[in-house]
Amino acid sequence: MKYFIVLLFIFFIGQHSFAQTHKEQIAAFRQNYKDDFLKDPRSPLKQDDLQFLRFYDADSIYRVTAKAELLTNQSTFIIPTFSGAGSQYVRYAQLSFKLKGKPMQLTIYKSIALSQNPAFSNYLFLPFTNATNGSETYGGGRYIDLTTKDIKNGSIVIDFNKAYNPYCAFSSGYSCPKPPDENRIDMAVEAGEKTLGKGIDPNLH
């Protein structure tokens, strides 16, 4: 019995440490996210605006491992932007996973323009919409950044806690890709970035 209690204690500590580690990872990610606004000369937000950024509490239930099926012989297509323009992408991989016990599928895209830049040649784009859009989160959907190196042995970790708003959520005048209909999640993904906490109508852009 004594050994069982010890093992149970070790298990509890291990689980607690993982939760803390994940929260710390998300906190660091969000701090870097805020810092990037101040580094980008085209940023829609300034130092005084950062206090109004809002996020769901980090929740490891929204960190999932997905099966990644690489797609071959895909034709390029245009993902339109909210401004009416568009950019060329190719479907790179089909993701299959469960979120809160419900089977899901999403597609990862690769930008043709960025793939020609050595600094961003491994960049993958995961835009999505869900049931929180237009209320708690930006009406136009959110993005998650990934790379080809994140796919290992046919699997990839998707952390919706890292979902962030496009610049269009904060101001007009930006060219932001609109998540394709195939990347609609028919449930509330209560993770990642919320709408800005001051005077922004998420349905304007």
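This is a predicted model: local features need pLDDT of at least 70, side-chain atom pairs count only at pLDDT 80 or more; totals for chains, interfaces and linings use all residues.
Reply: Residues are numbered from 1 along each chain as its sequence is written, and side-chain values use heavy atoms, with hydrogens and water left out.

Me: Is N130 buried or exposed?

Reply: Buried means under 20% relative accessible area, exposed over 50%, and partly exposed in between (1.4 Å probe, protein chains only). N130 has a relative accessible area of 1%, so it is buried.

Me: Which backbone atom does the side chain of N130 reach?

Reply: Think polar contact: a pair of N or O atoms within 3.5 Å, where within protein one must be able to donate a hydrogen and the other to accept it, and residues adjacent in sequence count only if both atoms are side-chain atoms. Here the N130 side chain gets to the backbone nitrogen of V189, at 2.8 Å.

Me: Let's do charges. How many salt bridges are there?

Reply: The rule is a side-chain nitrogen of Lys or Arg within 4 Å of a carboxyl oxygen of Asp or Glu. That gives three salt bridges. One of them joins E182 and R91, at 2.9 Å from N to O. E182 sits in the segment after β7 (155-159) and R91 in strand β3 (residues 86-99), so this pair ties together parts 91 residues apart in sequence. E182 is partly exposed at 35%, and R91 is partly exposed too, at 26%.

Me: What about D36 and K39: where do they lie?

Reply: Both belong to helix α1 (residues 2-39), three residues apart, or about one turn of the helix. D36 is partly exposed, with a relative accessible area of 43%, while K39 is exposed at 64%.

Reply: R184 comes out partly exposed at 38%, and D186 exposed at 58%.

Me: Now strands. Over how many bridges do β1 and β7 pair, and in what sense?

Reply: Two strands pair if DSSP finds at least two bridges between them. Strand β1 (residues 63-70) pairs with β7 over five bridges, in the antiparallel sense; V64, for instance, has I158 in β7 as its bridge partner. β1 also pairs with β3, again antiparallel, over four bridges, and there K67 stands opposite S96.

Me: Last one: which residues form a disulfide?

Reply: A disulfide is a covalent bond between the sulfur atoms of two cysteines. The cut-off used is a pair of cysteine sulfur atoms within 2.5 Å. Searching the whole structure turns up one: C168 and C176, with their sulfur atoms 2.2 Å apart. The link of C168 and C176 is right-handed, with 100° about the S-S bond. Both cysteines, C168 and C176, are buried.

How values were computed
Helices (H or I, at least four residues) and strands (E, at least two) are DSSP runs, numbered from the N terminus.
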